[in-house]
Amino acid sequence: MAQIEKLCSTPEYTKYFKDIQWLGKFELFTRFDDIESIVNNKINEKYRHFLAQPEVEGDTITWFSKSYSETPQRLSELQGEDRLKYEQIKNETLNHYKSVINSLRESRNSSEAKCLENATKFVNDDFVYCFDDKTVLGIWGMQLRKNIRKPLGIAMKNIFVKKKKPQPQPQPQPEPKFPVIDELQPEPDPVLPPQEPLVEPFIVRFNAGEGGILNGILEYTKHKDDTVKESEVPQIKPKEGYEFTGWDKDPNNYTVAGDTEFTAQYREIQPVVVPLISWWRGCLNWLLLLLLLALIFMVVWCCLLKKCHFNFCGCGCPEATTIVVPPAPKPAPTPPDTLPPPTPPSPLPPCNADATSGGYITDVRHFSMGQKGGKFVFEYNTENVPDEITIYDGPDTTGKVIFHYPMGGTRSLKTATVEFDNSVITVKVVGGEPGTVWNYRVNCPNG
């Protein structure tokens, strides 16, 4: 096992951090053995050191990294060429993790993909340590609360060991041939270069909005005049019925001047309705015109060839031979229908009913509300968390969305009052942890 050394600690982490990520019923960083197994099997050896190893004692977490020969420094404190160097190393590491996550998701290994995605979801330059041409994310699986602007010494303490730089050995000086008289002169005070004031980094955040889901790193820090690279912009997956139209402001090569948030913009996709009535009327007019032309052609043709008789043609055609058409045979009587009457469709489940949904399965259910229009109370238990829930006003998922909530991080029973217009509503539940069961209840308006 590789030697590890202390890096930093987070006392009272539940007080200073939020959005704590979970793996099933456990906090993500308490399952480091599972994460380390995925990293060792899927991540390139060059980047396996990126996630610090946590050790939890009560409400305090001590974070360790692989052994280091240089004294670690926080990325947010670096300047000049060192800052550019380690910023590039950090981005290369995150891009490698992102490509592995996408590969796992494409191979339908969604549990491992989600585990790595949640571990690297929040990257704060205050918690990225740089040493030995490596970057280590000292605190992960949660993010600092917004009211903690200076985390060092409050929400997080550096406990790494300072390494001494090797000193050059003094070279022996030759003895002077003649005696030297030293004149004692006061040494001037050294002139130190002016220190630049430490500027706190700014937060860059991406907001998915109501019409889609983001895939990638949604929040990180940048210093003033840094730019947002195209590779740092998360991918957009619009929800059903929406089309992504762009961001409220262009994030590509955006120059950071303060805390910035980019919000995705959408438009609803309207179904194309073909004007069938107008189309049919146009076709009918053309059909009548063709029939009239055909009739005129037949009259002219008969009169010219004198093979048929039309009293109104005035061309002296001979009497046409009368053709007797036998009557059409009567159709045989249809035997009585001996089939049993069709089975009536099963009634929709009424409201005031409990329902369950399994993990990683998209579940769609319909409920009869007992009246057309009104309000009902929707209760849902988030102890076992699904990815999202949507309620549509109507008997299928093409109706108007009257409730939508992406889940995550909350572990309590919640309620919501929802307005509806139709007598039937549709509840759609997406995702969740494998092997879990999620419960909810639809209450009738008058129930």
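Helices H3 and H4 are roughly antiparallel to each other, because their axes cross at roughly 155 degrees and angles over 145 degrees count as roughly antiparallel. The axes come within 7 Å; they are lines fitted to C-alpha atoms over the stretch in contact, with angles running from 0 to 180 degrees between N-to-C directions. The contact (heavy atoms within 4.5 Å) is made by Val100, Ile101, Leu104 and Arg105 of H3 and by Ser110, Glu112, Ala113, Leu116 and Glu117 of H4.

A word on the model: it is predicted, with local features needing pLDDT of at least 70 and side-chain atom pairs counting only at pLDDT 80 or more, while totals for chains, interfaces and linings use all residues. Residues are numbered from 1 along each chain as its sequence is written, and side-chain values use heavy atoms, leaving out hydrogens and water.

Here are the elements, taken as DSSP runs (helices H or I, at least four residues; strands E, at least two) and numbered from the N terminus.

| Element | Residues |
|---|---|
| Helix H3 | 80-106 |
| Helix H4 | 110-119 |
| Strand E7 | 73-74 |
| Strand E8 | 128-131 |
| Strand E9 | 134-137 |

H3 has 27 residues and reaches 39 Å from first C-alpha to last, close to the 39 Å expected, at 1.5 Å times one less than its number of residues. After H3 comes Arg108, with a positive phi near 65 degrees.

As for the strands, E7-E8-E9 is the order of an open sheet with antiparallel pairing, where pairing takes at least two DSSP bridges. E8 and E9 are joined by 4 bridges, and Tyr129 stands opposite Val136 in E9. H3 lies across E8 and E9, at about 60 degrees to E9.

Conventions:
Angles under 35 degrees count as roughly parallel, over 145 as roughly antiparallel, 65 to 115 as roughly perpendicular and the rest as oblique.
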